[in-house]
Amino acid sequence: MIETISDFLSIAVMVGILFFAIYALYAAIVVNREATFKSIERRYYRYYEGVDDEDDSSDRDDLYFEDE
């Protein structure tokens, strides 16, 4: 029970710290997620930099042989 102003202030400070802690945790998760997605995006574009995008339709009817 809240009997004095001291009890009320204690609970108010505790709730304030709790809200701040939840916000700080949320902000840290957002920053981590942004860094993770930037890393994934960087790896994605680095992988596809060397891919040849030319459409060579003359080879579509030829036989395909894999190099061993």
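This is a predicted model: local features need pLDDT of at least 70, side-chain atom pairs count only at pLDDT 80 or more; totals for chains, interfaces and linings use all residues.
Residues are numbered from 1 along each chain as its sequence is written, and side-chain values use heavy atoms, with hydrogens and water left out.

The protein contains 1 helix and 0 strands, these being DSSP runs of H or I over at least four residues for helices and of E over at least two for strands, numbered from the N terminus. Buried residues account for 0% of its 68 residues. The accessible surface, computed by the Shrake-Rupley method with a 1.4 Å probe, comes to about 7,200 Å², and 59% of that belongs to carbon and sulfur atoms.

Met14 is found in helix α1 and belongs to a nonpolar surface patch that also includes Ile2, Phe8 and Ile22, with about 1,000 Å² of accessible area for the patch together. Patch residues have over 30% relative accessible area and no salt bridge, with nonpolar side chains joined within 5 Å and like charges within 9 Å; a salt bridge is a side-chain nitrogen of Lys or Arg within 4 Å of a carboxyl oxygen of Asp or Glu.

Lys38, Arg42, Arg43 and Arg46 gather in a surface patch of positive charge, and Arg42 has its place in helix α1, which covers residues 5–47.

The count of aromatic pairs, whose ring centres lie within 6.5 Å, comes to 1. Tyr44 and Tyr45 form this pair, which is edge-to-face, with 5.1 Å centre to centre and 75° between the planes; planes over 60 degrees apart count as edge-to-face, under 30 as stacked and the rest as tilted.

| Residue | Relative accessibility | Class |
|---|---|---|
| Arg42 | 54% | exposed |
| Tyr44 | 46% | partly exposed |
| Tyr45 | 48% | partly exposed |

Note on methods: Buried means under 20% relative accessible area, exposed over 50%, partly exposed in between (1.4 Å probe, protein chains only). Rings of Phe, Tyr and Trp (its six-membered ring) pair if their centres lie within 6.5 Å; planes under 30 degrees apart count as stacked, over 60 as edge-to-face and the rest as tilted. Lys and Arg count as positive and Asp and Glu as negative; His and the chain ends are not counted. The place of a charge is taken as NZ of Lys, CZ of Arg, CG of Asp or CD of Glu.
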